[in-house]
Amino acid sequence: MQLRTIYIAEAHARDQWPAGKTISCVDQPTTLEQRLDNARQFKNKYNFEMPMLVDSMNNTFHTTYGSWPFRFYVINNGKLVFKAEPGETTYSYDMDELDAWIASFYQEKNI
């Protein structure tokens, strides 16, 4: 199993839908190079160690998977097999649900 982060379009870019200076700290990129630069700055600023992929400027990942700024997916053999959704009232995730799904997946495969 490999974990990856996908950097998608800015949800609260300061030039589109600002939500305060700490959340809206960059403009919405208009080029792939700007989006890549935003991803690099984020990784450096927060010492983010997980490998990060960057969505295309056509927002292919976002459009295909209906991503929010923070969501968990399991893709196996090119197919979406699990999508963790935030709670309807809390907007938080039950990480135990994801852990249980992963454990069940490996048990079924006898891994």
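Me: Is Asn77 buried or exposed?
Reply: Asn77 counts as exposed, at 73% relative accessibility. The cut-offs are under 20% relative accessible area for buried, over 50% for exposed and partly exposed in between, with a 1.4 Å probe and protein chains only.

Me: What are we looking at, and how are residues numbered?
Reply: This is a predicted model: local features need pLDDT of at least 70, side-chain atom pairs count only at pLDDT 80 or more, and totals for chains, interfaces and linings use all residues. Residues are numbered from 1 along each chain as its sequence is written, and side-chain values use heavy atoms, leaving out hydrogens and water.

Me: Ok, where does Asn77 sit?
Reply: In the loop between strand E3 (72-76) and strand E4 (79-84). Helices (H or I, at least four residues) and strands (E, at least two) are DSSP runs, numbered from the N terminus. Asn77 also has a positive phi of about 50°, although it is not a glycine.

Me: And what is phi at Asn59?
Reply: Near 55°, a positive value in a residue other than glycine. Asn59 lies in the loop between strand E2 (52-54) and H2.

Me: Switching to rings: how many aromatic pairs are there?
Reply: A search of the whole structure finds eight. One is Phe61 with Tyr65, tilted, at 4.8 Å centre to centre and 40° between the planes. Rings of Phe, Tyr and Trp (its six-membered ring) pair if their centres lie within 6.5 Å; planes under 30 degrees apart count as stacked, over 60 as edge-to-face and the rest as tilted.

Me: How far apart are Phe61 and Tyr65 along the helix?
Reply: They are four residues apart in helix H2 (residues 60-65), so about one helical turn separates them. Both Phe61 and Tyr65 are buried.

Me: Which rings form a cluster?
Reply: Phe82, Trp101, Phe105 and Tyr106, linked by ring pairs.

Me: What's in the largest nonpolar core?
Reply: Six residues: Val74, Phe82, Ala84, Tyr93, Leu98 and Ile102. E4 and helix H3 (95-108) each supply at least two residues of this core. A core here is a set of buried Ala, Val, Leu, Ile, Met, Phe, Trp, Tyr and Cys residues joined through side-chain atoms within 4.5 Å.

Me: What does Ala84 touch?
Reply: Leaving aside neighbours within four places in sequence, Ala84 is in contact (heavy atoms within 4.5 Å) with Arg71, Phe72 and Tyr93.

Me: Last one: where's Met1, and is it buried or exposed?
Reply: Met1 lies in the segment before strand E1 (5-7) and is exposed, with a relative accessible area of 55%.
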